[in-house]
Amino acid sequence: MEFKNSIDGRRLEGHVFKGIGITSPDVCEVNCFIEADCMSFNVGPLPDGEHWCELSDSDHVIHPEDLVYASGMSYNPVVNVCSSSPCPVNSRCQTGFTTNGYRCVCADGFSGHNCSEEFPLAQVFPDDITAEESSDVTITCHVTGNPLPEITWSKTEGSLPASRSVISRGNLTILNVNTNDSGSYVCTATSIAGSSSSPVQIQIYSAFKFITRPPSFVLVYTGQTLNLSCSASSHLNTTVMWVFNANTPLPEGVSTDVSNNLIIVSANITHGGNYTCIAMNLLSSLHAHVNVHVKIPETCSRVKTNISDVSGDYVIDPDDEQGEAPFTVYCNMNDKGGIGVTAVSHDSEDRTHVIGFNPAGSYSRDINYIGPSLSQIKELIAVSLFCQQSIKYECKDSMFYSHSSNTQYAWWVSPDGQKMTYWSEANQGCTCGITSSCLDPQKLCNCNKNDPDWQEDSGHLTNKTHLPVSQLRFGDTGDPGEEGYHTLGKLECYGMN
Ligand SMILES: [Ca+2]
Ligand SMILES: [Ca+2]
Ligand SMILES: [Ca+2]
């Protein structure tokens, strides 16, 4: 460092960065020499014989206007090599130092001979990643610096999954992640100017999947209770909800419980449709669709197995949604071993007196079934495994058939109008004829003995193609002492084809 000649009676003001008391004026020059930024100094006496030394970081060449008169002071500029701006833009010039008489101090973040080297900076985005197993995760690393830094990736603990890691233009992609890929990853930017890194936390959660889910199709009968469960596994908070036909809220009578089960209590036709269980967590959602088909039970046997074991009136629809309309019948849940018997009543179940009709079939009684139409009854018979109707005729000198005159006095009529002349489940004759226990061994029915005492024939008609009985016909009750009583039971069907 060289000093120009001092200028007495002057002072450079406005650029003093340090002031010190000194014993001798020469010491100020030493202080300026020590301070890297010192470009000039002012020195002058203090009243006590000491001297005051002011160091400035500029000089009168740069700021001539700041050189002012100051009695007793002297101004001492350094030979200012920096005034010719020998340093690069990104730097500050300091006089002294080196054989050139100046040095360049690069601005923060820059380095190199020309201060053109920029310190590398790495910044990952985002710096906290949450993903689900089996997905692909990409982390972006932004870097700056001159020359452009090279980017490397590493894992803080363990190593990158080599076969599943792809690094492209500095971005790291990990394919098909699993929970072992969780951890801290570091992006490092390196150049001749240095290196810096930026960490990122990756948390991989196990795949979001249903633990329980409803089947895609459920058949439920009216009056039945349905409970469909739906739950999903996740380490994250999971929300489960149900929607009906893509809408919420759920129809009346349908609800969910605390365990997210969908509950339909006493299903009715309006509850039928598409339900969707939606499970959601922070990362994704799952959908499970179930078509709930609500159906009216075909028979009382169906009611018994699926809905209720309490006897009473129920609506049934033997041929399902098609064909005949549903109808109400009485279900007997105790008869026939509790199989669920569909009973169809009619207007002729009472014991009915027959008297005064002598010619064959001259007594005629139409059977009118209560509730269902004949077509509906036929559908019931078609889907039932068994159907029967009990029939009894109490006779006093009143025959079904006269062997002597070859006359059929009594019969019943099938739905298609056929004349039926049997009174047993064997499709022929009477029950006593089947068991060989008739009063007259030569005859197949007790009544055919034409006995003046009261006798009877009874049995169950079971041939489904002949049921239900549509008409009763009797005769031989016109002569003195001749009469009879008929009793016809309900049509009863049970079991399912
Ligand atoms: Ca129907
Ligand atoms: Ca008779
Ligand atoms: Ca007679």
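The points below take the sheet and then the nonpolar cores.

1. This is a predicted model, in which local features need pLDDT of at least 70, side-chain atom pairs count only at pLDDT 80 or more, and totals for chains, interfaces and linings use all residues. Residues are numbered from 1 along each chain as its sequence is written, and chains are lettered from A and ligands numbered from 1 in the order in which they are written.

2. An open sheet of 5 strands runs in the order 1-5-3-4-2, with antiparallel pairing (strands are DSSP runs of E, at least two residues, and helices runs of H or I, at least four, numbered from the N terminus; strands pair if DSSP finds at least two bridges between them). Strand 1 (7-12) and strand 2 (16-22) are at the edges with a single partner strand each, so one side of each has no neighbour in the sheet.

3. Strand 1 pairs with strand 5 (residues 67-77) over 5 bridges, in the antiparallel sense. Within this region, Arg11 has Val68 of strand 5 as its bridge partner.

4. The largest nonpolar core has 65 residues, and Val220, Cys300, Phe400, Cys445, Val469 and Phe474 have the most contacts inside it. Such a core joins buried Ala, Val, Leu, Ile, Met, Phe, Trp, Tyr and Cys residues through C-beta atoms within 7 Å, buried meaning 20 or more other C-beta atoms within 10 Å of a residue's own, with C-beta atoms placed from the backbone.

5. Apart from that core lies another, of 15 residues, including Val143, Trp153, Tyr185 and Ile204.

Key:
Buried ≥ 20, exposed ≤ 12 C-beta atoms within 10 Å, placed from the backbone.
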